[in-house]
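Subject: Structure handover

Hello,

The structure I promised is below, and after it come my notes on what was found. Please read them with the coordinates open.

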Amino acid sequence: NIPRNEHAAIRNGTSTYDVADKWQELIDALSTGQDTITGGTITLCRGKWNVSKKVSVRTGHGDGLSSVNIIGDGMHSSYVYALPGFTGSSMLELAEPTYCTLEGLHLFAAARVPLGLRVMKGSEIIIRDVFAQNATEDGMRFEDNFMMTLDRLRAKGGVRGFAFDGP
């Protein structure tokens, strides 16, 4: 997990610690290899969460993972920040998500990342109170999704704030 000596700095917004690998490990650990009893909730408390690479939720058929919820303390409280040298095309990516929820997050791309949030080929997804800022292309891109609930989203900067592609 994240070193204890970083907890206060993350909460205060002064941390320089990269949480991308730890966050990805938590998401990957939610898989049980089953289709029924799987998933869970990851909570990002108030603070600045630095990432140097894309974090992915992959819940495609056969992966044994669905119902992943990433819940922050609020659009202006749980701040995910793209570090200099960021690698990847999006800060947070949901690939084939099923029964997933994103809530209460601020994705700040710092003009280093093409997409703040990318959601593709998903179904039964809830995204609320999420702010994507300063991506170089789209704040949020939605591709080929079915049955989504989008509520109180905000995107600022980039070429397009929101992009909806596919059927």
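Contact here means heavy atoms within 4.5 Å. With that cut-off, and not counting residues up to four places away in sequence, Pro97 touches Thr59, Val119, Met120, Lys121, Gly122, Ser123 and Ile125. Please keep in mind that this is a predicted model.

Pro97 sits in the loop between β4 and β5. Is Pro97 buried or exposed? Its relative accessible area is 0%, so Pro97 is buried. Asn145 is 48 residues from Pro97 in sequence, yet the two C-alpha atoms are 9.1 Å apart in space.

Glu96 belongs to that loop too, between β4 (78-95) and β5 (98-108). Glu96 is not a glycine, but its phi is positive, at about 55 degrees. With a relative accessibility of 34%, Glu96 counts as partly exposed, whereas Pro97 is buried.

Where is Ala110 found? Its place is the loop between β5 and β6 (115-120). Ala110 has a relative accessible area of 17% and is therefore buried, since the limit for buried is under 20%.

Tyr99 is part of strand β5. Its relative accessibility is 45%, so Tyr99 counts as partly exposed. Leaving aside neighbours within four places in sequence, Tyr99 is in contact with Ser66, Ser67, Val68, Asn69, Ser123 and Glu124. Ser123 is also among the residues that Pro97 touches. Tyr99 and Asp138 are 39 residues apart along the chain, and their C-alpha atoms are separated by 24 Å.

Met75 lies in the loop between β3 (68-72) and β4. At 17% relative accessibility, this residue counts as buried. Which residues does Met75 touch, not counting those up to four places away in sequence? They are Gly104, Leu105, His106, Asp129, Val130, Phe131, Arg152 and Arg154.

The largest pocket

The largest pocket has a volume of about 270 Å³. Which element gives the most to the lining of the largest pocket? That is α2, with four residues. The lining has 15 residues in total, and Asn1, Ile2, Leu26, Thr43 and Trp49 lie nearest the centre of the pocket. By class, nine of the lining residues are nonpolar, three are polar and three are charged.

Helix α2 also holds Glu25. Glu25 has a relative accessibility of 47% and so counts as partly exposed. Glu25 and Val55 are 30 residues apart in sequence, and their C-alpha atoms are 9.7 Å apart.

The chain as a whole

How many helices and strands does the chain have? There are two helices and 11 strands. Read from the N terminus on, the order is α-α-β-β-β-β-β-β-β-β-β-β-β. The radius of gyration is 15 Å, close to the 15 Å that the globule rule gives for 167 residues, so the chain is as compact as a globular protein of that length. Along the principal axes, the C-alpha atoms fill a box of roughly 40 × 35 × 25 Å.

Of the 167 residues, 49% count as buried; Pro97, Ala110 and Met75 are examples. Among contacts with a separation of 6 or more, 65% join residues 24 or more positions apart.

Regards

Technical notes
Residues are numbered from 1 along each chain as its sequence is written. This is a predicted model: local features need pLDDT of at least 70, side-chain atom pairs count only at pLDDT 80 or more; totals for chains, interfaces and linings use all residues. Side-chain values use heavy atoms; hydrogens and water are left out. On a 1 Å grid over the protein atoms alone, a cavity is a set of points where a 1.4 Å probe fits but cannot get out, and a pocket is an open set with protein on both sides within 12 Å along at least five of seven lines; lining residues have an atom within 4 Å of a point. Grid points are joined across faces, edges and corners, and a volume is the space filled by probe spheres set on the points. Ala, Val, Leu, Ile, Met, Phe, Trp, Tyr, Cys and Pro count as nonpolar, Asp, Glu, Lys and Arg as charged, and the others, Gly among them, as polar. The radius of gyration is taken over C-alpha atoms; the globule rule is 2.2 Å times the number of residues to the power 0.38. Buried means under 20% relative accessible area, exposed over 50%, partly exposed in between (1.4 Å probe, protein chains only).
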